[in-house]
Structure formats: C-alpha cells, structure tokens
2 protein chains.
Amino acid sequence: MAVAKDAYHHGDLRAALLKAALETIEEIGPQGLTIREVARRAGVSHAAPYRHFTDKDELILAVVERGFELLEAKMQAAREAAGSDELARFAASGEAYLDFALGYPTYYQIMFSGDLLNSKGKQALRHTSAATFKDMQADLVTAQRLGVVREGDPTLQAVAIISTVHGFVSLANDNRIGELAADGSDLQTMKNFVMSSIFEGLGVK
Amino acid sequence: MAVAKDAYHHGDLRAALLKAALETIEEIGPQGLTIREVARRAGVSHAAPYRHFTDKDELILAVVERGFELLEAKMQAAREAAGSDELARFAASGEAYLDFALGYPTYYQIMFSGDLLNSKGKQALRHTSAATFKDMQADLVTAQRLGVVREGDPTLQAVAIISTVHGFVSLANDNRIGELAADGSDLQTMKNFVMSSIFEGLGVK
DNA sequence: TGATATTGTTTACATTGGAAACATACCAGT
DNA sequence: ACTGGTATGTTTCCAATGTAAACAATATCA
C-alpha cells in the first residue's frame with residue numbers, strides 16, 4: 001500500500017484535484033480555474049480529471065460541497081463550545097459563519113457566487129445552501145421561544161440576517177469595503193457594528 | 001447620414017455591441033458572454049469588436065459603466081421627485097437603489113459580481129462603485145444633521161446599509177431567497193422587512 | 001482628388017472543454 | 001498463479017474561444 005514513486009495510479013487523485021482547484025482559485029482567481037490547469041498541478045494528463053468529475057461544473061460543485069461541510073462543522077463546533085446557554089450557542093454559530101466567510105474567502109466565494117457555474121450547476125448549489133438557511137430559521141424559532149428575539153416570522157428574520165451577513169462578507173471579500181472606508185475603521189470594527197445593527201433591528205437581546 | 005442598407009461601416013457598432021452584450025447575459029448567462037457571440041448578434045465579424053474594445057474586460061467594463069450611469073440617474077431622479085424634505089429624498093434614493101438592483105438584475109450582477117473580470121478589470125470596477133458609496137455617506141451626514149438618524153460614524157452606517165441591501169438583492173437575484181422561503185412571504189414583503197430592520201437598527205426615524 | 005486615419009474582414013494560433021480510443025494497473029474468482 | 005473485467009490514466013482529436021496580424025473598404029479632410 002506504500003505509495004509507489006512512479007505509480008500509474010495516483011493514489012487519491014480526486015482529493016488532489018479538489019485541493020489543486022482551490023489553490024488555483026486562490027492564486028489566479030476564478031477565471032484561472034481550468035480543468036487543464038488543475039490537471040497540470042496534480043501532475044496528470046488533462047483528461048484524467050474526467051475520470052472523477054463528468055464536468056467542470058461537477059468539479060466546482062465538489063469543492064463547494066467540501067466548503068459547506070467545513071462551514072457546518074465550524075458552526076457545529078462553535079455551538080458546542082458555547083456551552084448550554086441557547087442564546088450563546090446561537091450567537092457563537094453566527095460568529096462562526098462570519099469567521100468562515102472572512103477566513104476562507106475563496107471557499108465562500110465559490111459557495112455563493114454561482115457565476116462559475118451554468119444553470120445545471122446552479123440548481124445543485126441552491127439546494128446545498130438551503131440547508132444552512134433552514135438551520136438558521138430553526139435557531140430563530142428557538143430564540144423566540146426563549147424570548148431573546150422579538151416575536152415575528154422567523155423566515156423574514158432569517159432573510160434579514162443572512163442578507164446582512166452575506167452582503168457584508170461579499171463586499172469585504174471583494175475589497176469593496178476596506179478601500180472605501182479609508183478612515184481608521186478596520187474590518188473587525190465594521191463587522192461588529194454591522195452585526196450589532198441588524199441584531200438591534202431585529203430586537204435581539 | 002442616412003443608414004445605408006449594406007454599409008460597410010456599422011453606424012454605431014460600439015453601442016450595438018454593448019446592447020448585445022447585455023442581452024447575451026440575460027439570455028444565456030454570464031458564461032455565455034463571449035466576444036464572438038456578441039459580434040454574431042451585432043452582425044459583424046468576430047474580430048470587429050476589437051476596434052472598439054481592446055479586451056473582453058473592457059467590453060464588460062463599458063457595460064458596467066452604463067449600469068452605474070443608469071443607477072445614478074435613477075437615484076437622482078427619485079431624489080428630485082421626492083420634493084424638498086431631506087429625509088424623503090434620502091429614503092427615495094435608497095428605494096431607487098433597491099428597485100434598480102431588483103429591476104435590472106443583469107446590470108446589477110455584472111456591476112457587482114467581478115467574477116467576470118480578471119484582476120486588471122476589478123480595479124476599475126472598485127473605483128467605479130466607490131462613488132455610490134461616497135454618495136450614501138454624504139446622505140448619512142445630512143441625515144444626522146437633521147436628526148433623523150442616530151449619531152455615529154457615517155462610514156460604519158453606510159457599510160451596514162450597503163451590506164444589507166447588497167446582500168438582499170444578491171440573494172434575491174440569485175433565486176436563493178424566493179425558493180427557500182416556501183411559505184407565503186413574497187419578495188416585496190421581504191424587502192420591506194429587511195430594510196425596516198436595518199433602518200431600525202441604525203436608529204432611523 | 002487623393003492621402004490618411006477608421007473601422008471592418010480574413011487568416012492564423014494557442015488555449016480550453018470535452019469525446020473517443022487506447023493502455024495500464026488493480027481485483028475477483030477460479 | 002492465471003485470467004478476465006473494471007477502474008483509472010493517457011493520447012489523440014475536435015469545435016469554440018480570445019486575440020494578434022495582415023489586409024480591405026470607407027470616411028475625412030487637406
């Protein structure tokens with residue numbers, strides 16, 4: 001089972017391709033993500049990836065999937081680390097979402113951009129991201145029961161929160177915020193202000 | 001000056017190409033936007049566009065520029081139509097922003113997506129969108145002076161508003177909201193709720 | 001009128017996504 | 001251990017794309 005130096009078979013090409021794909025986007029942007037470039041980085045022929053992904057879209061979707069797994073793991077971990085107080089758990093998971101988006105901008109971008117995919121792929125994407133949305137909705141129901149959020153339609157509340165969070169991290173990751181706010185304010189300050197604002201607007205205690 | 005039927009020269013190819021570019025994105029998505037497709041639609045050879053745009057990026061940027069002109073015109077018109085009350089003018093221009101984003105999703109997408117461009121083009125994009133941000137900041141300074149917004153750093157407030165608005169319209173235009181919220185709530189309701197929330201959070205009276 | 005700058009067209013080339021045919025390595029059952 | 005089948009890679013091929021170069025038609029203006 002030891003890795004043969006010049007093995008014809010790669011070992012775990014699929015994983016290598018996913019890694020290469022992410023690195024490619026990080027280094028030369030989404031435009032630079034080509035099947036052939038990814039194959040080059042993995043040291044295989046340009047057609048090899050087609051044994052693991054039927055399509056360029058499927059390669060991207062696989063990376064997206066890993067991204068959502070990572071995100072959900074981080075949120076879950078934060079929730080558990082926050083102890084037993086339900087509000088603290090809710091806040092922690094939200095914080096984890098933000099940190100993920102700001103800490104793994106490449107993942108976040110492909111997870112939510114959609115521009116890389118054609119319509120077929122977009123359907124799958126929507127499906128995947130729906131789960132995160134549902135989780136947040138459920139959290140809000142709990143929060144309302146505990147009286148830490150103003151009563152109201154949890155769907156609307158979830159949309160409000162997700163809109164704000166998503167907008168902030170999208171702009172931040174696109175460098176549309178850091179440069180514009182040329183005054184002192186750093187990203188951390190902004191993040192806190194933006195989140196406090198929407199939470200206050202929703203009557204979060 | 002009359003348009004010759006079989007004129008060798010096109011008349012106004014540049015404008016025709018911009019129009020074709022927008023239509024292409026609308027019909028077959030950003031992925032379908034190719035120089036050659038645009039040329040085809042304009043009825044010219046595939047190399048003709050290069051007489052008007054040095055680059056694919058420059059073609060896209062030209063469309064983006066028209067988008068920002070349109071947006072600013074709409075906001076300005078709304079402001080003027082709102083009369084002399086400064087708060088009403090502020091609200092109206094914000095409303096116009098929302099309506100533009102939701103009403104011209106294609107424009108909005110390319111104006112803020114950036115995924116279509118490589119790094120060179122992105123710089124230009126950032127520059128362009130900075131103006132809109134500055135306008136909003138100025139509006140907030142005025143609003144504070146009039147006492148209709150809580151005192152505070154207008155930059156932070158602008159970031160909060162723009163984050164929320166941008167996030168909402170991005171998700172909406174990507175169909176990430178309509179489908180998820182399978183219950184009754186329609187887009188209009190959501191829009192109102194989201195905007196009220198962030199405004200309340202910022203202490204807008 | 002004729003020289004020159006504009007705006008098109010044609011031709012050419014490297015890169016890409018993807019299909020097809022072929023090759024090599026792995027695994028099961030005998 | 002042999003043998004056939006199935007994964008997994010490689011080569012070769014094709015159409016579409018971005019873009020450069022050389023060429024052609026037209027517009028403009030001295």
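# Questions on a predicted two-chain model

Biologist: How many C-beta neighbours does B:N175 have inside 10 Å?
Modeller: A residue is buried with 20 or more other C-beta atoms within 10 Å of its own, exposed with 12 or fewer, and partly exposed in between, the C-beta atoms being placed from the backbone. B:N175 counts as partly exposed because its number of neighbours inside 10 Å is 14.

Biologist: What kind of model is this, and which pLDDT do local features need?
Modeller: Residues are numbered from 1 along each chain as its sequence is written, while chains are lettered from A and ligands numbered from 1 in the order in which they are written. The model is predicted: totals for chains, interfaces and linings use all residues, side-chain atom pairs count only at pLDDT 80 or more, and local features need pLDDT of at least 70.

Biologist: What is the phi of B:N175?
Modeller: Most residues other than glycine have a negative phi. B:N175 lies in the loop between α7 and α8 of chain B. This residue is not a glycine, yet its phi is positive, at about 60°.

Biologist: Where in chain A does A:N175 lie?
Modeller: A:N175 also has a positive phi of about 60°, and comes just after α7(A). With 14 other C-beta atoms within 10 Å, A:N175 is partly exposed. Its place is the loop between α7 and α8 (187-201) of chain A.

Biologist: How many helices does chain A have?
Modeller: Helices (H or I, at least four residues) and strands (E, at least two) are DSSP runs, numbered from the N terminus. Chain A has 0 strands. Its pattern along the sequence is α-α-α-α-α-α-α-α, and the number of helices is 8.

Biologist: How far apart are the end C-alpha atoms of α7(A)?
Modeller: The expected span of a helix is 1.5 Å times one less than its number of residues. For the 20 residues of α7(A), residues 154-173, that gives 28 Å, and the model agrees, because the end C-alpha atoms are apart by 28 Å.

Biologist: How many residues of α7(A) are buried?
Modeller: Of the 205 residues of chain A, 39% count as buried. Helix α7(A) is largely enclosed by the rest of the structure, because its buried residues number 19 of the 20.

Biologist: Which residues of α2(A) meet α1(A)?
Modeller: Two residues are in contact if their C-beta atoms, placed from the backbone, lie within 7 Å. The α1(A) side of the contact includes A:L13, A:A16 and A:L17. On the α2(A) side are A:E37, A:V38, A:R41 and A:A42.

Biologist: Which helix of chain B gives the most residues to the side that touches chain A?
Modeller: The contact takes 44 residues from chain B and 44 residues from chain A. Helices α6 (119-145), α7 (154-173) and α8 (187-201) of chain B each supply at least two residues of the side that touches chain A. With 13 residues, the helix that gives the most is α7(B).

Biologist: What relation between the chains does the superposition show?
Modeller: Copies are superposed by least squares on the C-alpha atoms of residues with pLDDT of at least 70 in both. Chain B goes onto chain A by a rotation of 180° with 0.0 Å of shift along its axis, at an RMSD of 0.1 Å. That is the relation of a two-fold axis.

Biologist: Through which surface do the copies meet?
Modeller: Of the interface residues of chain B, 100% are also interface residues in chain A. The copies therefore meet through the same surface.
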